[in-house]
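Subject: Structure handover

Hello,

Here is the structure I promised to pass on. Please open it first, then read my notes below.

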Amino acid sequence: MNRPLAALALALAPFSLHAHPHAWIDVRSTVVLSAEGLITAIEEEWLFDDLYSAAILEGLREDSPEKKAVVSDFAAEVIDNLGPYGYFMRITANGRPIRLNTVTQFKSEMKGEQLQLSFTAPLAQPVDPLRDDVGFSVYDPTYFIQMTHRPEEPPTIRSDKQYPCRAQVVPPNPTAEDIARAFALDRGATPEEGLGDLFAEKVHIQCD
């Protein structure tokens with residue numbers, strides 16, 4: 001896969017015709033609280049698996065200007081392409097979807113042999129976790145890409161003031177039939193919109 005196509009594959013994953021999953025991303029999330037205790041943004045770090053990273057960088061010499069340019073440009077390409085799809089994030093307050101503003105803060109870099117994308121997703125309207133039931137998920141709707149928080153790096157909350165809030169990850173609980181269906185999907189199979197939701201972690205923000 002050449003570099004432009006590899007980068008585009010991520011953005012077009014919801015509509016691709018490949019098996020499920022075919023790429024893996026370790027997700028780190030930081031919920032940002034304002035001084036007033038409102039959630040204003042969620043910071044994301046996505047560490048792509050080594051095979052996907054190698055596909056993006058195929059044929060590039062280590063420390064070459066070309067490789068540095070590809071790594072640097074990767075974030076802008078992905079963010080631009082994922083914007084219409086909500087950056088693979090779904091945030092709710094009392095079950096109501098919360099819209100994101102355009103992501104303007106992002107970067108990509110190498111972590112060993114793996115690409116890492118970092119960006120800040122600003123909420124269009126801040127929400128109050130002390131008043132509202134707030135949660136979010138980070139996932140590919142078609143499960144082309146599996147995206148999970150590593151147990152040793154759970155979501156965190158950052159604020160200049162102390163608030164009695166914490167983030168709890170609820171793992172997905174797909175049925176045996178869901179798992180069999182997802183892994184039976186082959187190249188050429190029609191992707192199922194919403195399949196990824198069955199395999200998506202749910203992060204709940206809890207405040208005492």
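Start at F119. Leaving aside residues up to four places away in sequence, F119 touches I42, E43, E44, W46, I79, Y87, M89, V103, Q105 and F106. F119 is buried, at a relative accessible area of 2%. Please keep in mind that this is a predicted model.

F119 also belongs to the largest nonpolar core, which has 44 residues. W46, M89 and F119 have the most contacts inside this core. Which helix gives the core its largest share? That is helix α3, residues 65-82, with 7 residues. There is a second, separate core of 5 residues. Among its members are A182, L185, L195 and F199.

Next, the aromatic rings. The whole structure holds 6 aromatic pairs. One of the pairs is W46 with F88, and it is stacked. The ring centres of W46 and F88 are 6.4 Å apart, with 20° between the planes. W46 sits in strand β2, while F88 sits in the loop between α3 and β3 (89-93), so this pair ties together parts that are 42 residues apart in sequence. Are these two residues buried or exposed? W46 is buried, with a relative accessible area of 0%. F88 counts as buried too, at 2% relative accessibility.

W46 is in strand β2 and F119 in strand β6, so the pair ties together parts that are 73 residues apart in sequence. Ring pairs link W46, Y87, F88 and F119 into a cluster.

β2 (residues 39-48) and β6 (residues 114-127) pair in the antiparallel sense, over 8 bridges. I39 has V127 in β6 as its bridge partner. On to strand β5, residues 105-111, which pairs with β6 over 7 bridges, again in the antiparallel sense. S108 has L117 in β6 as its bridge partner. β5 and β6 form a hairpin, with 2 residues between them. In the turn, G112 has a positive phi of about 70°.

Now the open sheet. How many strands form it, and in what order? There are 5 strands, in the order β4-β3-β7-β11-β10, and the pairing is antiparallel. β4 (96-98) and β10 are the edge strands, and each pairs on one side only. Neighbouring strands in this sheet are turned by 30° against each other on average, direction ignored. Within the sheet, strand β7 (residues 134-138) runs antiparallel to β11, and 3 bridges join them. V134 stands opposite I205 in β11.

The last stop is the disulfide. A search of the whole structure finds 1. Which residues does this disulfide join? C165 is joined to C207, with an S to S distance of 2.0 Å. C165 lies in strand β10 (residues 165-170) and C207 in strand β11 (residues 202-207), so the pair ties together parts that are 42 residues apart in sequence. The torsion about the S-S bond is about 110°, so the disulfide is right-handed. Both C165 and C207 are buried.

A few totals to finish. The chain comes to 5 helices and 11 strands. The chain has 208 residues, and 46% of them count as buried. Take the contacts in the chain with a separation of 6 or more: residues 24 or more positions apart account for 76% of them.

W46 is among the residues with the most contacts inside the largest nonpolar core, and its ring is part of the cluster with Y87, F88 and F119. After that, go to C165 and C207 for the disulfide.

Best wishes

Methods. Residues are numbered from 1 along each chain as its sequence is written. This is a predicted model: local features need pLDDT of at least 70, side-chain atom pairs count only at pLDDT 80 or more; totals for chains, interfaces and linings use all residues. Side-chain values use heavy atoms; hydrogens and water are left out. A nonpolar core is a set of buried Ala, Val, Leu, Ile, Met, Phe, Trp, Tyr and Cys residues joined through side-chain atoms within 4.5 Å. Buried means under 20% relative accessible area, exposed over 50%, partly exposed in between (1.4 Å probe, protein chains only). Helices (H or I, at least four residues) and strands (E, at least two) are DSSP runs, numbered from the N terminus. Contact means heavy atoms within 4.5 Å. A disulfide is a pair of cysteine sulfur atoms within 2.5 Å. Two strands pair if DSSP finds at least two bridges between them. Axes are lines fitted to C-alpha atoms, for helices over the stretch in contact, and angles run from 0 to 180 degrees between N-to-C directions. Rings of Phe, Tyr and Trp (its six-membered ring) pair if their centres lie within 6.5 Å; planes under 30 degrees apart count as stacked, over 60 as edge-to-face and the rest as tilted.
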